[in-house]
Amino acid sequence: MCIRDSSTRTRSEETTPSPLLDGGDKNRGIFGKRSSKGNLSMKGALESPKVMSGGSFDSGSTGGYSSSSSEKLYAAKELNHYGLRGKPVTAAFDFTQSLLAVATEAGEIHVFGKQQVEVTFVLRTPTRVKFLRFVKGVFLIAIDNKNIIMVFSLYSKKMLTSLFSPGQIECIETDPTLDWLFLGFHNGLTMIYDVDHDTFSDFKIENLQKTKYFPREGATPVKSIQWNPRDMASILISYNYVTVVYSLVEAEVKQHFIYELPPYAPGGEYSETVMKHRKPKVVQSLYHPNSLHIMTLHEDNSMVFWDANTGQLIQA
């Protein structure tokens, strides 16, 4: 009995494709063309198509495209050109109307939109704008480093009014559907400015950290303000050491969040002793879109996640 070595095959077996790879005309279109010798050619399948004039393909062109077809198939032209005078310092975007506002250090505010819309507001005195917001799709609010509030109309393309704020503004919050502008001041006071009626509301929120939680800390600035994404009757306010959920209807705190580190725990200010409790300062606080969770960001780069309803720390 003669056992044939599987490694030695006849020339006819080497040139005959395996039925698993061939599969007739069906697989031949997938894996490539059959060469004159009968085997599969992967080169034909992997080669990029060569375009000739009139949309035909040329497999023999070495340049990839014929000289007469590139100008016919592809034509690039400039739709619009935007330019800014000065370095951009802040920006705002209106998702409803697809408007982009950019403030520059030269004292100009440029508003760009679709269909080649471009409007430029020139400030009376060149100053640096630190806050920029769209309000209700009608107004554009700009606040400069001198704490001057400027209201621009997107319809008339003019400045409607400008006024001095009662103090140094640390943060602001707006909603695309409301006329209100929340202002957080350096002394911890939170006020509401009615943009449509050009007046400050009598409703004020005192420094809650000083009055309710840490009276010995003195005045602390408002670090962050954010609307509840699913309840416009409550807002999230952060101070140096505490973040609160405040109800605008009931005028009271519904929940508070204080991040404390136990002794020897990593994080916090290492210049202090690690053998005592530490409270890293809050930089910003954010709602989850479902409003069920809250994240607070601290100066030691800690990201702390909370349950918005119970105030329980989930993870830090």
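The model is predicted: local features need pLDDT of at least 70, side-chain atom pairs count only at pLDDT 80 or more, and totals for chains, interfaces and linings use all residues. Residues are numbered from 1 along each chain as its sequence is written, and side-chain values use heavy atoms, with hydrogens and water left out.

View 1. Strands (E, at least two residues) and helices (H or I, at least four residues) are DSSP runs, numbered from the N terminus. Two strands pair if DSSP finds at least two bridges between them. Six bridges join strand 3 and strand 4 in the antiparallel sense. Ala92 has Ala101 in strand 4 as its bridge partner.

**View 2. A nonpolar surface patch that includes Leu100.** Phe93, Phe95 and Leu100 make this patch of about 330 Å². Patches are made of residues with over 30% relative accessible area and no salt bridge; like charges are joined within 9 Å, and nonpolar side chains (Val, Leu, Ile, Met, Phe, Trp, Tyr) within 5 Å. Accessible areas come from the Shrake-Rupley method with a 1.4 Å probe, and for residues only the protein chains shown count as cover. Leu100 belongs to strand 4 (residues 99–104). Its relative accessible area of 34% makes Leu100 partly exposed (buried is under 20% relative accessible area, exposed over 50%, partly exposed in between; 1.4 Å probe, protein chains only).

**View 3. The salt bridge of Glu108 and Arg85.** A salt bridge is a side-chain nitrogen of Lys or Arg within 4 Å of a carboxyl oxygen of Asp or Glu. The structure has four of these. In the Glu108 and Arg85 pair, the N to O distance is 3.0 Å. The pair links distant parts of the chain, 23 residues apart: Glu108 is in strand 5 (residues 108–113), and Arg85 is in the loop between helix 5 (70–73) and strand 3. Glu108 counts as buried at 10% relative accessibility, whereas Arg85 counts as exposed at 51%.

**View 4. The open sheet 7-8-9-10.** Four strands are arranged in this order with antiparallel pairing. Strand 7 (129–135) and strand 10 (158–164) are at the edges with a single partner strand each, so one side of each has no neighbour in the sheet. The twist from one strand to the next averages 20 degrees. Strand 8 (residues 139–144) and strand 9 (residues 148–153) are paired in the antiparallel sense over five bridges, while strand 9 and strand 10 are paired in the antiparallel sense over six bridges. Phe152 in strand 9 stands opposite Leu140, and Phe152 also has Met159 in strand 10 as a bridge partner. Four residues lie between the strands in the hairpin of strand 9 and strand 10, where Lys157 takes a positive phi near 60 degrees.

**View 5. A salt-bridge network of Glu250, Glu252 and Lys254.** Lys254 meets Glu250 at 2.8 Å, N to O, and meets Glu252 at 3.7 Å, N to O. These salt bridges share partners and join Glu250, Glu252 and Lys254 into one network. Glu250 is partly exposed at 45% relative accessibility, Lys254 is partly exposed at 44%, and Glu252 is partly exposed at 37%.

View 6. With a relative accessible area of 34%, His256 is partly exposed. A C-alpha separation of 5.6 Å is found between His256 and Thr243, which are 13 residues apart along the chain.

**View 7. Ser224 and its contact with Ser285.** Ser224 is in strand 15 (residues 224–228). Ser224 counts as buried, at 5% relative accessibility. Its side chain reaches the backbone oxygen of Ser285 at 3.4 Å. A polar contact is a pair of N or O atoms within 3.5 Å; within protein, one must be able to donate a hydrogen and the other to accept it, and residues adjacent in sequence count only if both atoms are side-chain atoms.

Note on methods
Axes are lines fitted to C-alpha atoms, for helices over the stretch in contact, and angles run from 0 to 180 degrees between N-to-C directions.
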